[in-house]
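Keep the picture open while you read, and take the points one by one.

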Amino acid sequence: MNLRKAVGPALAVVLLAGVGIAIRHSIRDKMDADNAARRIANRVTVKVLTGSEKEKFLTDPELAKVLDSEGIAITVQKAGSREIATRPDLASFDAAYPAGTHAALKIAETSGSKHVYPSFFTPMAVASWKTLIPVLEKSGVVSSKNGSYFIIDMAKLVDIMKKDTRWKDLPDNTAYPVGKAVLVTSTDVRKSNSGAMYLGLAAYIANGNNVVDTDADANKVASSMVGLFSKQGYQESSSAGPFEDYTAMGIGKSPLVMIYEQQFLEYVLSHDKPNPDMVLLYPAPTILSKHTIVALTDNGERFAQVMTSNPKVSSIAQHYGFRTQDSSELFAAVEAKGLGIPHTIVDVIDPPRYDILEKLIGRVDAGLNR
Amino acid sequence: MNKSLIAVLAATGIATAIVTSCGPNSSNTFQNKPAPPPSSFSILAGSELKDIEGSLKEDIRAATGLDLKFTYSGTLDAVDRIAAGEQFDALWVSHGKYLAMNPAMKGRILAQEKTMLSPVVLGLKASKAHALGWDTEEPTWKDIADAAKAGKFTFGMTNPASSNTGLTATIGLAAALAKNPDALTEADLKNPRLADFFKGESLTSGSSGWLAESYEHDPSKVDGIINYESVLLSLNAGGKLPEPLTLVYPREGIITADYPLMLLNDARRADYDKLAAYLRSADFQTRMSARTLRRPVNSDAVAAAAIPKRTLIELPFPGQASLISALLDTFLADVRVPGSSRYVLDLSGSMRGDRITALKNSMLLLASSPTQSSDRYARFQNREEVGIVTFSTETGPTLIFPMGSTAAQNAKTRADITAFIDPLVAKGSTAIYSSVQRALTELSQERSRGTEKRYYTVVLMTDGENNRGLTREEFEQWYSGSDGQSVHGIPVFPILFGEGNETDLRALADLTGGRMFDSRSNSLSSVFKEIRGYQ
């Protein structure tokens, strides 16, 4: 199992890079053959349905210029990544841009599209507050990595949560002595990729640090997962929601929030004075989320090709916190803000296989509705 | 270059074809267009958003070119109106989670964005908060329930079936009174301490705005009210209160309203995007906070100085609509202070035809056992006592219909009311004030005999001028004189209908601490449902 843990993500990254390079070559040839006039004559407006975390990126004026030079204008709507596949109006879009390979596969399956373009990636991370760090360190949940950034031990955290621990019961907790359960706020697993990835991560821990990859495993761990979600009560259907609550409502609403690293970095990079109390914790292990374009029409395909091949797009994506094959711009920008960031995410697991994840989600759903 | 080409393409109709093929979203593309003339954008809104229309509508129009047309409604009523096919471009309420979970709304909310924040908290007279020690050490909800049960303080709160502040306070309370403050579960609904809390409730209302007005008008009624932080801060800033309210944030936590703007009409998506973006901009949010004392949803905006800088512990909101419905059912049937009422109904000749049909249908709705959301909560409830006084030339006999406290008694009384209402006929003149006097006198006698706390209210439905019995002047003299003293504190809720005299009815509502409802712009049955929140 350890082998799988190490090899799985590495393989995925190689595949990702491979697809990117292949596409890049074919596009460059094609573009050379085209001339500017023809591209403009073929101007298209591409209707994109995206996960909410990419809304600001996709409406960036610089990105609009790059797309415009390729004869593309886009209109953007957002939805929970896992809701996209079941949208009754999916056929009216040219491209879907969910977070995560699983959500993309689901869309490819329902739409019949075989044109799937992995673009940028980001690790799952936990947004929290500096005032909680001493308490979480004392409980052995959080530790500093070379004084540069913080690691959150998912096994210890899941253990604390499954014991129904209250914040006020954590040792030496004078910072946040409230009766609420220690709980990670996430999105709705049924509707959103980030919630589903959190489930995948927690299920890995519950399965004795093994990726859940059989029906039997899924059945075994599912019931212990329900509480992580039911105790949260109402959950948002897309990733932007919990992150907005985190920035606007603070620690009282959101002491720990499962987010994409990208959301936090986008916030930090777009603010002159980011809230100094906010802190990002890197789960160990974590899951990488690959933002993936599913082209639904020829125009959507044109959009997907530009997005995954144009180096300017990759540079803009990094300004919004996304990682790419070469994330040096991102690292430099983040470090210039005085923030430590791991250049390589080492302790990465694969999410459960598509059908297994769906099974887990189905079981959690049934538990929530009971 | 590009722009001129676009212009050429537009002229040839190609751009138009693009616009048509991709729908209304194309204004979202990155082309510069001259600002169009203001276009109307319809919003079904919670009444607590009236301050936005009052003070920020012009800013919104200047920035977005959208002329917002507000129609106000309670949250549950909004669900019914949308389910019934009423068309609005967007829905804007203080709290959208319960609404969004309602099966009738499935597929109708096409986008949503939070626009403002305000927690629902307890505002208590400063002297009372000090006496209870809550000004220096914040109480838990459990402390508050204990103090309410022991009669140490009284408060006003809106009806949870009618208004968001009452609903969220009840949800928060139910969660907080449980062993652990997690998301509500079935078991939490049976908690006897819920009823302890409501022993301190002495004023109710169907809307948080009216609750605040009512308190401001006569702060002697109760020691405090549960309302939005923004409303309580505004009361303090208004300078009309004899003593300020101390805001109490219970330790287990509170529930914050986040005012989602929800798109209903896909054809207006581009305008919706523009509106939502503007409402969420730091500039608008800072101004909004200064004017309304709500908290910004955009962390780049500046919150008004009057808003306490403190951590707000947020309680989880239930994830299942069925739990909230069950909480409301429990509240109405077993927990709330029960109501005793008189429905004073005009059967004069002018009521013939459509009018008496509308009146009967409204009363029959309250006496029915419907399954639809707001109808279900509006019907006559367990433990309630319904009195009906019909009048025309003379005041008719009073019929009392006790709902009892079992399902069988409930059903029998509903049938009795239906049997009484069905055959009513309209004829004769209009003796309004004599009839209201009778209703008030009877209720005050019941009140003085009563052993349990109840809400006593009179509903007056009339379509014409008073022309028999007591005159308005005689009634007002009686009410203000020594004989009328005993009926004070029983509000009259007149319904303006047909040729009813608005000045007279409004004066009657003001005199008795009630509120006039206008059924000329809304169906009579929805007015009857709305009044249920005040009983």
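1. Let us begin with a term. A polar contact is a pair of N or O atoms within 3.5 Å; within protein, one of the two must be able to donate a hydrogen and the other to accept it, and residues adjacent in sequence count only if both atoms are side-chain atoms. By that rule, chain B and chain A share 12 residue pairs in polar contact, counting pairs with both residues at pLDDT 80 or more.

2. A word on the ground rules. This is a predicted model, where local features need pLDDT of at least 70 and side-chain atom pairs count only at pLDDT 80 or more, while totals for chains, interfaces and linings use all residues. Residues are numbered from 1 along each chain as its sequence is written, chains are lettered from A and ligands numbered from 1 in the order in which they are written, and side-chain values use heavy atoms, with hydrogens and water left out.

3. Now look at where the two chains meet. Chain B gives 34 residues to the contact and chain A gives 41 (contact means heavy atoms within 4.5 Å). Together the chains bury about 3100 Å², with 54% of that on carbon and sulfur atoms; buried area is the accessible area (1.4 Å probe) that two parts lose on being put together, summed over both.

4. How many salt bridges are there between chain B and chain A? The count is five, where a salt bridge is a side-chain nitrogen of Lys or Arg within 4 Å of a carboxyl oxygen of Asp or Glu. On the chain B side that touches chain A, helix H1 (2-12), helix H2 (14-22), helix H5 (97-101) and strand E4 (111-114) of chain B each give two or more residues. Helices (H or I, at least four residues) and strands (E, at least two) are DSSP runs, numbered from the N terminus. This side of chain B divides into 15 nonpolar, 11 polar and eight charged residues. Here Ala, Val, Leu, Ile, Met, Phe, Trp, Tyr, Cys and Pro count as nonpolar, Asp, Glu, Lys and Arg as charged, and the others, Gly among them, as polar.

5. Next, stay within chain A. It is divided into domain 1 (2-122 + 289-336) and domain 2 (124-287 + 346-369), with bounds that come from an automatic or database domain assignment. In chain A, 29 residues of domain 1 and 35 residues of domain 2 take part in the contact between them. These two domains of chain A bury about 2700 Å² between them, 53% of it on carbon and sulfur atoms.

6. What holds your eye at that domain boundary? Between domain 1 and domain 2 of chain A there are four salt bridges, and 18 residue pairs are in polar contact (both at pLDDT 80 or more). On the side of domain 1 of chain A that touches domain 2, helix H1 (2-33), helix H5 (101-111), helix H13 (311-319) and helix H14 (328-336) of chain A each supply at least two residues. That side of domain 1 of chain A has nine nonpolar, 11 polar and nine charged residues.

7. Chain B is divided into domain 1 (2-115 + 259-292), domain 2 (118-257) and domain 3 (338-532). Nine residues of domain 1 of chain B touch 14 residues of domain 2 of chain B, and the two bury about 760 Å² between them. Across this interface of chain B there are zero salt bridges and two residue pairs in polar contact (both at pLDDT 80 or more).

8. Six strands form an open sheet with mixed pairing, in the order E14-E13-E12-E15-E16-E17. Strand E14 (395-402) and strand E17 (517-518) of chain B are at the edges with a single partner strand each, so one side of each has no neighbour in the sheet. Two strands pair if DSSP finds at least two bridges between them; E12 (339-346) and E13 (385-391) of chain B run parallel and are joined by seven.

9. Finally, two backbone details in chain A. Ala284(A) and Pro285(A) are joined by a cis peptide bond, with omega about 0°. Asp164(A) is not a glycine, yet has a positive phi of about 60°.
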